[in-house]
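The exercises below concern the fold of one protein chain, the packing of its elements and the surroundings of selected residues. Please work through each task before reading its solution.

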Amino acid sequence: MATTAQAINSLPSGLGVFTSLPDLFFIPELVFGGLVWILVASTNVFMENPQGWVMFVSVFCFVFTFLWLLLFMMGVNKNSSMWASLDVAYHALAAFFYLSASVALAYVTTVLGQINLGNEILFKYYQEDIAAVVFSYIATLLYAIHAVMSACRWKSL
(Lines give C-alpha, C1' and ligand atoms only; values in the text may rest on other atoms or scores of the structure.)
Protein backbone atom coordinates (compact mmCIF):
# COMPACT_ATOMS: atom_id res chain seq x y z
CA MET A 1 0.00 0.00 0.00
CA ALA A 2 1.51 3.33 -1.09
CA THR A 3 1.62 6.29 1.23
CA THR A 4 2.13 9.95 0.39
CA ALA A 5 3.64 10.91 3.75
CA GLN A 6 7.38 11.30 3.95
CA ALA A 7 9.28 9.47 6.64
CA ILE A 8 10.57 11.73 9.38
CA ASN A 9 14.15 10.77 8.51
CA SER A 10 14.10 12.22 4.99
CA LEU A 11 13.83 15.71 3.60
CA PRO A 12 10.81 16.22 1.38
CA SER A 13 10.70 17.88 -2.00
CA GLY A 14 7.92 18.90 -4.33
CA LEU A 15 4.42 18.56 -2.96
CA GLY A 16 5.77 16.18 -0.30
CA VAL A 17 6.49 19.32 1.71
CA PHE A 18 2.77 19.61 2.40
CA THR A 19 2.45 16.04 3.64
CA SER A 20 5.38 15.73 6.02
CA LEU A 21 6.10 16.90 9.51
CA PRO A 22 7.69 19.30 10.43
CA ASP A 23 7.40 20.90 6.99
CA LEU A 24 3.65 21.05 7.29
CA PHE A 25 4.24 23.99 9.65
CA PHE A 26 5.43 26.23 6.78
CA ILE A 27 1.90 27.34 5.91
CA PRO A 28 0.77 28.27 9.46
CA GLU A 29 4.11 30.06 10.00
CA LEU A 30 3.43 32.14 6.91
CA VAL A 31 -0.18 32.83 7.90
CA PHE A 32 0.50 33.89 11.49
CA GLY A 33 3.68 35.76 10.54
CA GLY A 34 1.73 37.66 7.90
CA LEU A 35 -0.97 38.50 10.43
CA VAL A 36 1.64 39.90 12.84
CA TRP A 37 3.13 41.93 10.00
CA ILE A 38 -0.27 43.35 8.96
CA LEU A 39 -1.42 44.14 12.50
CA VAL A 40 1.79 45.87 13.55
CA ALA A 41 1.91 47.83 10.31
CA SER A 42 -1.65 49.08 10.84
CA THR A 43 -0.99 50.69 14.24
CA ASN A 44 0.52 54.07 15.01
CA VAL A 45 3.63 54.46 17.12
CA PHE A 46 2.80 56.72 20.07
CA MET A 47 5.98 56.34 22.07
CA GLU A 48 9.41 54.91 21.57
CA ASN A 49 8.79 51.23 21.25
CA PRO A 50 10.17 48.14 19.59
CA GLN A 51 7.59 47.94 16.81
CA GLY A 52 10.41 48.41 14.31
CA TRP A 53 12.03 45.23 15.65
CA VAL A 54 8.71 43.39 15.48
CA MET A 55 8.25 44.53 11.88
CA PHE A 56 11.78 43.42 10.99
CA VAL A 57 11.26 40.00 12.55
CA SER A 58 7.87 39.42 10.96
CA VAL A 59 8.94 40.56 7.47
CA PHE A 60 12.30 38.75 7.63
CA CYS A 61 10.74 35.49 8.82
CA PHE A 62 7.86 35.74 6.34
CA VAL A 63 10.15 36.29 3.35
CA PHE A 64 12.76 33.77 4.43
CA THR A 65 10.18 31.10 5.29
CA PHE A 66 8.56 31.58 1.89
CA LEU A 67 11.95 31.26 0.16
CA TRP A 68 12.81 28.22 2.30
CA LEU A 69 9.49 26.62 1.33
CA LEU A 70 10.18 27.27 -2.36
CA LEU A 71 13.68 25.76 -2.07
CA PHE A 72 12.24 22.64 -0.47
CA MET A 73 9.50 22.41 -3.09
CA MET A 74 12.06 22.70 -5.92
CA GLY A 75 14.06 19.86 -4.37
CA VAL A 76 17.25 21.85 -3.85
CA ASN A 77 17.83 20.08 -0.54
CA LYS A 78 18.58 16.68 -2.21
CA ASN A 79 17.98 14.95 1.13
CA SER A 80 21.28 16.29 2.49
CA SER A 81 22.08 16.45 6.19
CA MET A 82 23.54 19.92 5.60
CA TRP A 83 20.08 21.15 4.57
CA ALA A 84 18.58 19.46 7.60
CA SER A 85 21.00 21.29 9.89
CA LEU A 86 20.28 24.59 8.11
CA ASP A 87 16.57 23.91 8.62
CA VAL A 88 17.12 23.45 12.35
CA ALA A 89 19.32 26.55 12.58
CA TYR A 90 16.89 28.78 10.70
CA HIS A 91 13.80 27.71 12.61
CA ALA A 92 15.57 27.96 15.98
CA LEU A 93 16.77 31.48 15.08
CA ALA A 94 13.29 32.45 13.89
CA ALA A 95 11.76 31.11 17.13
CA PHE A 96 14.28 33.15 19.17
CA PHE A 97 13.63 36.28 17.09
CA TYR A 98 9.87 35.88 17.40
CA LEU A 99 10.13 35.28 21.14
CA SER A 100 12.11 38.49 21.63
CA ALA A 101 9.68 40.42 19.42
CA SER A 102 6.67 38.93 21.22
CA VAL A 103 7.94 39.85 24.66
CA ALA A 104 8.80 43.40 23.57
CA LEU A 105 5.44 43.87 21.85
CA ALA A 106 3.57 42.48 24.87
CA TYR A 107 5.35 44.96 27.14
CA VAL A 108 4.53 47.91 24.89
CA THR A 109 0.93 46.75 24.61
CA THR A 110 0.50 46.65 28.39
CA VAL A 111 1.98 50.15 28.68
CA LEU A 112 -0.32 51.40 25.90
CA GLY A 113 -3.27 49.85 27.70
CA GLN A 114 -2.45 51.79 30.87
CA ILE A 115 -2.04 55.16 29.12
CA ASN A 116 -5.53 55.98 27.97
CA LEU A 117 -8.29 53.53 27.28
CA GLY A 118 -10.88 56.36 27.19
CA ASN A 119 -9.63 57.47 23.78
CA GLU A 120 -11.43 55.47 21.10
CA ILE A 121 -8.57 55.62 18.57
CA LEU A 122 -5.99 54.52 21.15
CA PHE A 123 -8.30 51.68 22.18
CA LYS A 124 -8.52 50.48 18.55
CA TYR A 125 -4.71 50.40 18.30
CA TYR A 126 -4.56 48.67 21.68
CA GLN A 127 -6.88 45.93 20.42
CA GLU A 128 -4.79 45.50 17.25
CA ASP A 129 -1.65 45.26 19.37
CA ILE A 130 -3.26 42.59 21.55
CA ALA A 131 -4.08 40.55 18.44
CA ALA A 132 -0.53 41.05 17.15
CA VAL A 133 0.90 39.82 20.46
CA VAL A 134 -1.29 36.70 20.42
CA PHE A 135 -0.40 35.88 16.81
CA SER A 136 3.26 36.60 17.51
CA TYR A 137 3.30 34.08 20.35
CA ILE A 138 1.53 31.54 18.13
CA ALA A 139 4.19 32.11 15.44
CA THR A 140 6.88 31.67 18.11
CA LEU A 141 5.34 28.36 19.13
CA LEU A 142 5.09 27.17 15.52
CA TYR A 143 8.72 28.03 14.77
CA ALA A 144 9.87 26.37 18.01
CA ILE A 145 7.94 23.17 17.26
CA HIS A 146 9.30 23.20 13.71
CA ALA A 147 12.85 23.61 15.05
CA VAL A 148 12.48 20.73 17.53
CA MET A 149 10.94 18.40 14.96
CA SER A 150 13.59 19.39 12.40
CA ALA A 151 16.27 18.61 14.98
CA CYS A 152 14.76 15.14 15.47
CA ARG A 153 14.76 14.61 11.71
CA TRP A 154 18.35 15.90 11.44
CA LYS A 155 19.49 13.54 14.17
CA SER A 156 17.92 10.58 12.37
CA LEU A 157 19.58 11.33 9.00
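Helices (H or I, at least four residues) and strands (E, at least two) are DSSP runs, numbered from the N terminus. The model is predicted, so local features need pLDDT of at least 70 and side-chain atom pairs count only at pLDDT 80 or more, while totals for chains, interfaces and linings use all residues. Residues are numbered from 1 along each chain as its sequence is written, and side-chain values use heavy atoms, with hydrogens and water left out.

**Exercise 1. The overall fold**

Task: State how many helices and strands the protein has, and give the order of its elements from the N terminus.

Solution. 
Step 1. The protein contains four helices and zero strands.
Step 2. Read from the N terminus, its elements follow the order α-α-α-α.
Step 3. Of the 157 residues in the protein, 41% are buried; buried means under 20% relative accessible area, exposed over 50%, and partly exposed in between (1.4 Å probe, protein chains only).
Step 4. Contact means heavy atoms within 4.5 Å. Where residues at least 6 apart in sequence are in contact, 77% of these contacts join residues at least 24 apart.

**Exercise 2. Packing of H1 against H2**

Task: Determine how the axes of H1 and H2 are arranged, and classify the residues of their contact.

Solution. 
Step 1. Axes are lines fitted to C-alpha atoms, for helices over the stretch in contact, and angles run from 0 to 180 degrees between N-to-C directions. Helix H1 spans residues 26-41 and helix H2 spans residues 51-74; their axes come within 9 Å and cross at roughly 150°.
Step 2. Angles under 35 degrees count as roughly parallel, over 145 as roughly antiparallel, 65 to 115 as roughly perpendicular and the rest as oblique. H1 and H2 are therefore roughly antiparallel to each other.
Step 3. The crossing of H1 and H2 is left-handed, a term used if the near helix is turned anticlockwise from the far one by less than a right angle; if clockwise, the crossing is right-handed.
Step 4. Among the residues making this contact are Phe 26, Leu 30, Gly 33 and Trp 37 of H1, and Val 54, Met 55, Phe 62 and Leu 69 of H2.
Step 5. By class, the contact of H1 with H2 comprises 14 nonpolar, five polar and one charged residue. Here Ala, Val, Leu, Ile, Met, Phe, Trp, Tyr, Cys and Pro count as nonpolar, Asp, Glu, Lys and Arg as charged, and the others, Gly among them, as polar.

**Exercise 3. Partners of H4**

Task: Describe how H4 packs with H1 and with H3.

Solution. 
Step 1. Helix H4 (residues 120-156) packs with H1 at an angle of about 155°, their axes being 8 Å apart. H1 and H4 are therefore roughly antiparallel, and H1 passes H4 in a left-handed crossing.
Step 2. The H1 side of this contact includes Phe 32, Val 36 and Leu 39, and the H4 side includes Glu 128, Ala 132 and Phe 135. The contact of H1 with H4 divides into 14 nonpolar, two polar and two charged residues.
Step 3. H3 and H4 pack at about 160°, with axes 7 Å apart. The pair is therefore roughly antiparallel, and H3 passes H4 in a left-handed crossing.
Step 4. In the contact of H3 with H4 there are 26 nonpolar, ten polar and three charged residues.
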